[in-house]
Number of protein chains: 2
Amino acid sequence: MALILPANKILHETLERVAREIPGLDKQSIRTHISIAKFSSDCTGSYEAHFARFGLSQGRFAVLMVLINAGGPMTPANLADAVSVKRATMTGLVDVLKKGGWVETRRNPDDGRSLVIQLTSKGIARIKDLMPDHLDRMSRSLASLTDQEQQDFITLMHKISARVATLSQ
Amino acid sequence: MALILPANKILHETLERVAREIPGLDKQSIRTHISIAKFSSDCTGSYEAHFARFGLSQGRFAVLMVLINAGGPMTPANLADAVSVKRATMTGLVDVLKKGGWVETRRNPDDGRSLVIQLTSKGIARIKDLMPDHLDRMSRSLASLTDQEQQDFITLMHKISARVATLSQ
DNA sequence: TGCCATTGGTTAGGCTCCTTACTATTTCAA
DNA sequence: TTGAAATAGTAAGGAGCCTAACCAATGGCA
């Protein structure tokens, strides 16, 4: 449940202090990053806790969404690409979903190397069951922001993500 | 490196479609949440990748910051509270930091149950060494936002975090 | 003073995701 | 046609964090 960020107050003060010794440094950015780290951790924790109630994780939920969207069977390789995880990880995700009765697999008749994965009717029923609650939580968690504020928020996140991406090459 | 969010586009469309069947539902919030999940994942990945270059992780880095801030030795229990991890987790964090030569431990003379943990001089030197780069990255990753935008961004994150906290009780 | 609840730290095992290294199958090109 | 390269999936092991169950030391209270 990853409480990645810490000691908000203390870290904040410390970083500010260290920063003071480095001339020309941008203190606002430190404050912002501390908030980002805490925010990430809060949101991730909340997603995970929520999904855990259905025996799901973010990764497994994403697989289900992709399958629903596809409207038919998919191979593990396609799923892995769609969900942005490695194939080895997908093996694990599918395995758990299978044990939970969400999906079923069979060999791909067109390619002896691969499988196809498909939602079970039970899986579809359960997804329909949990979606309203899920969507409602999403909505309520943002209820204190106007649509415009959300739009601005998204814009800012995109800006930062793009920048972060270039920093890590 | 947790690529928690997936299939941005696909998920987006799917959720929108599912949402369409649920009357009175707030679609903007879905868009926002998808962006948040991706953003969290991007930032977390970036932090981790950055720290990995020094043999650190977010958790271990946080421990170092707290120790610097304290200016003296601390017990594992205090560190755990300060960093918001469980004590069992702190055992592991300290263990790795010790092996890496960042900190040293000894028994607490005032309480036979506990230890005290302290930065080594080598640890302090290395921190001083890496901080400018670290802070510089923070700064550059936000360079496309004005101070005011960052301030607004923080405000919005706080608003959402507070709400999310109440949703998970 | 002696007992027991509390607190400190560790161990063991779980979960999610990752990387690396492997086998099986298919494809392409010499 | 056949042998090398690419691709599908899996297994093993690692990192980070968690919970639960444990001893060891402490300290309040009868």
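1. Chain A contains 7 helices and 2 strands. Read from the N terminus, the elements follow the order α-α-α-α-α-β-β-α-α. The model under discussion is a predicted one.

2. Of its 169 residues, 49% count as buried. Where contacts join residues at least 6 apart in the sequence of chain A, 49% of them link residues at least 24 apart.

3. The largest nonpolar core comprises 85 residues. Those with the most contacts inside this core are A:Ile36, A:Leu79 and A:Phe153, together with B:Ile36, B:Leu79 and B:Phe153. As a general remark, nonpolar side chains tend to be buried together in soluble globular proteins.

4. Helix H3 of chain B covers residues 58–70. Its 13 residues reach 18 Å from the first C-alpha to the last, close to the 18 Å expected at 1.5 Å a residue. Because 11 of the 13 residues of H3(B) are buried, this helix is largely enclosed by the rest of the structure. Among the buried residues are B:Gln58, B:Arg60, B:Phe61, B:Leu64 and B:Asn69. H3(B) is followed by B:Gly71, which has a positive phi, near 75 degrees.

5. The surroundings of DNA strand D consist of 20 residues, the closest being A:Pro76, A:Arg87, B:Arg60, B:Thr89 and B:Gly112. By class, this surface has 7 nonpolar, 7 polar and 6 charged residues. At least two residues of the surface come from each of four helices: H4 (76–83) and H5 (87–99) of chain A, and H3 (58–70) and H5 (87–99) of chain B.

6. Which part of DNA strand D supplies the atoms within 4 Å of the protein? Sugar or phosphate accounts for 76% of these atoms, and bases for the rest.

7. Individual contacts to phosphate oxygens of DNA strand D can be listed for both chains. With B:Gly112, a polar backbone atom is involved, at 2.8 Å from a phosphate oxygen of DNA strand D.

Terms used: Residues are numbered from 1 along each chain as its sequence is written. Chains are lettered from A and ligands numbered from 1 in the order in which they are written. This is a predicted model: local features need pLDDT of at least 70, side-chain atom pairs count only at pLDDT 80 or more; totals for chains, interfaces and linings use all residues. Side-chain values use heavy atoms; hydrogens and water are left out. A residue is near a molecule or strand if one of its heavy atoms lies within 4 Å of it. A polar contact is a pair of N or O atoms within 3.5 Å; within protein, one must be able to donate a hydrogen and the other to accept it, and residues adjacent in sequence count only if both atoms are side-chain atoms. Ala, Val, Leu, Ile, Met, Phe, Trp, Tyr, Cys and Pro count as nonpolar, Asp, Glu, Lys and Arg as charged, and the others, Gly among them, as polar. A nonpolar core is a set of buried Ala, Val, Leu, Ile, Met, Phe, Trp, Tyr and Cys residues joined through side-chain atoms within 4.5 Å. Buried means under 20% relative accessible area, exposed over 50%, partly exposed in between (1.4 Å probe, protein chains only). The expected span of a helix is 1.5 Å times one less than its number of residues. Contact means heavy atoms within 4.5 Å.
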